[in-house]
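Have a look at the sequence and the model, and then read on.

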Amino acid sequence: MRHVDNLPHAIKEEDDIRITMSDGVRLSARIWRPVSSDTDPVPAVLEYIPYRKRDLSSVRDSIHHPYIAGHGYACVRVDLRGTGDSEGVLTDEYLEREQADAEEVLDWLAGQPWCDGGTGMMGISWGAFAALQVAARRPASLKAIVISSFTDDRYADDMHYMGGALLSDNLAESGTMFAYSTCPPDPATVGDRWREMWQERLESVDPWVLNWLRHQRRDAYWRHASVCEDYTAVRCPVLASSGWADGYSNAVTRLLAHLDVPRKGLIGPWSHKYPHLGEPGPAIGYLQEVVRWWDHWLKGEDNGVMDGPMLRAWMQESVPPSTAYEERPGRWVGEPVWPSPAIREEAHALRGGRLTAPGDGSGAASPDDGPGAAASDERPEAASSGDGPGAAASDERPEAASSGDGPGAAASDERPEAASSGDGPGAAASDERPEAASSGDGPGAAASDERPGAAASDDGPGAAVSGGGSAAAVSAHVQSPLSVGQFAGKWASYNAPPDLPYDQREEDGGSLVYETEPLPERLEILGEPRVELEVSADRPVAMVAARLSDVAPDGGATRVSYGILNLTRRDGADEPDALEPGQPCRATVRLNGVAQAFPPGHRVRLSLSTSYWPLAWPPPHPTALTVHEEPCRLVLPVRPADDGDPVTPSPFGTPEGAPPLATHRVTPPEERWEVTRDLVDYGSTLNIVKDRGTVHFDAIDLDVGCHVLERYTSTADDFTSPAGESTWTMSFRRGDWDVHVRTSTTLRCDADAFHVNATLDAYEADRRIVSRTWNETVPRDAL
């Protein structure tokens, strides 16, 4: 990144400005604004998050807020109530009180003598959620928003549930916020009241996972603040971005499809990062684009910011499987509108381990599927899938720890996010091509000599031939072991430690596999693939995970996209419908949107499994699933590979920002991602260590430490054995002021319920001042 300190406007910084809410609670703000704004008012831009502006997010903040302020704006970073140096308590995410506070802050900003009365909001992750949710409330001064890594659907497309299945990130995010919401304010800012404010936080919080588990259906709790409930509520222009490696990529195209305001979309190869800090690269000159957006919509400049395609996306080239990439090769492509009429649906029938050629047999597209239908990005819960693939995909939520970066490091871009379940407890690698679970054979059983999925052949043991298509359709069977999912990576990648999915051959031995012949020519897809299935199960509660992979001639399989569906939510997540054992039903699994090129000679592979632990919590019992192939098909959103693109090869400038805040390391960080398997008792463990070490913030003479451990365990194929644990230690020290907080949350299950055990301990020096425990049970609801 190019650091720029010679900006058009000299700026001043105000470290702690108090904004009083209608109930008397005072929020703490840091403001960067042009010196000239004392006499020449400017628009104000708000970022509103719970990640501690004074320390943990301060390095990241120092890169983009002074940069934007130096281009003629008042940039305002406010800690949510109950976090950082703001008063009050924070008891959950996206509450009505939080959004009402934001409206009051915007009203306060618009009334300041240095503000011209116009405001914008920006952010990533929580900050983007907040901006979009507040935009739907239509505050008078809000003229435009800029958002990254967000969702418009809190149930179907956040880190809680995916396709109605419980994500392990539900626990991870709860652990993150359990820690952040119990940290103390800084006495150097709030004075002697720090201990009283801290005590109020410690006595008021509960582990958020309890509330999230009590809402296993799509109900009023999740519909609140889900903008997809009424897209027409948003009336201001929106610049939306995300990355293909992030869990939040799908909402960008949904907003483009459903909003009726000026809008632009940008999706790169990035993980949960702002685009100017994007990893994997290439990062882009995102802040220059943000300034142009504000110049047009907040200052009225005619600068052509709305020219060019509505959507710019990074078309990823094929790469070998890896848990991390410094850069993803590819090119920028553009679509003038979204859904794009240039994108066509290409359907491949599932036949005896094969994905048939498009139009062969029953693989033809449905009569009501028009051009671009795959790119329509409907509401995630629409159609028969119930909830999208996670129906739509920090820099927010401060990651638990960035590799080599201290708390608040520039690359940590928010959502503190503790580690996620990634590579799980040790799956066995196959020697060559992975082999599918056979019809009548156990998962991973050897099938044909050469191709995965051959076990589902039309004359394999127990295979039921039904005919149709170019190859005989069969009823194929799969019952996956708990080891499938160990190489899934993280739901939303943070790129630290490496957390992308590994070689899918490690997963496919316990899956039902279908693939194409080697491709005769290049294939490019852009949009949301889907899998249309007819299945029956031997249990009333079952799930299916669908993975799309790029298989190289050497057999290496790189996951391109995936989706999960709790089959009890196949017709919607409002009212789950238990399966009738043995009775066939139709279901659609929507995969995460993606832009991906498959070279000639490669194969497209679809893998189906009945578990995907530890990324998603498994059903209460092992489940045998029968796939009735006749109506089943994989539908790909195909973009013409030779289509002329209305974008230049390099449409963005070099990443740049203001020089970051000065810090130095006191103790080193540590990162580990360890998988162990005990072959005596068959226990599997995934340990993820994200230790930021201790970092000294020079300007405020403060040492801050953060240590995070996440652990996911299971035993053999006991589907009631999975357990997760998230443990955090946060410490703050300056002179005689020495405090730390330790939080721990454990989630276990049996066939009927989830069991939550949590502890909170707060210390001044070595003296424990608060100790609280929770032991609660939440019934499973067709989950």
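Let's begin with a term: a salt bridge is a side-chain nitrogen of Lys or Arg within 4 Å of a carboxyl oxygen of Asp or Glu. This is a predicted model, where local features need pLDDT of at least 70 and side-chain atom pairs count only at pLDDT 80 or more, while totals for chains, interfaces and linings use all residues. Residues are numbered from 1 along each chain as its sequence is written, and side-chain values use heavy atoms, with hydrogens and water left out.

**Salt bridges**

How many salt bridges does the structure hold? The count is 61. Here are some of them, with N to O distances.

| Pair | Distance |
|---|---|
| Arg-77 and Asp-61 | 3.1 Å |
| Arg-605 and Asp-508 | 2.9 Å |
| Glu-534 and Arg-586 | 2.8 Å |

To place these pairs, we need helices (H or I, at least four residues) and strands (E, at least two), which are DSSP runs numbered from the N terminus.

Take Arg-77 and Asp-61, whose side chains meet in a salt bridge. This pair links distant parts of the chain, with Arg-77 in strand S5 (residues 74–79) and Asp-61 in helix H1 (residues 58–69), 16 residues apart. Are they buried or exposed? Buried means under 20% relative accessible area, exposed over 50%, and partly exposed in between (1.4 Å probe, protein chains only). Arg-77 has a relative accessible area of 0%, so it is buried, and Asp-61 counts as buried because its relative accessibility is 1%.

Next come Arg-605 and Asp-508, joined by a salt bridge.

Glu-534 sits in strand S20 (residues 530–537) and Arg-586 in strand S23 (residues 585–590), 52 residues apart. Arg-586 counts as exposed, because its relative accessibility is 52%.

Salt bridges that share partners also join Glu-13, Asp-15, Arg-30, Arg-54, Asp-186 and Arg-734 into one network.

**Around Trp-208**

Now over to Trp-208, found in helix H7 (residues 208–213). Its relative accessible area is 2%, so Trp-208 is buried. Not counting residues up to four places away in sequence, Trp-208 touches several others, among them Leu-90, Trp-126 and Met-177, where contact means heavy atoms within 4.5 Å. Met-177 lies 31 residues from Trp-208 along the chain, and their C-alpha atoms are separated by 7.6 Å.
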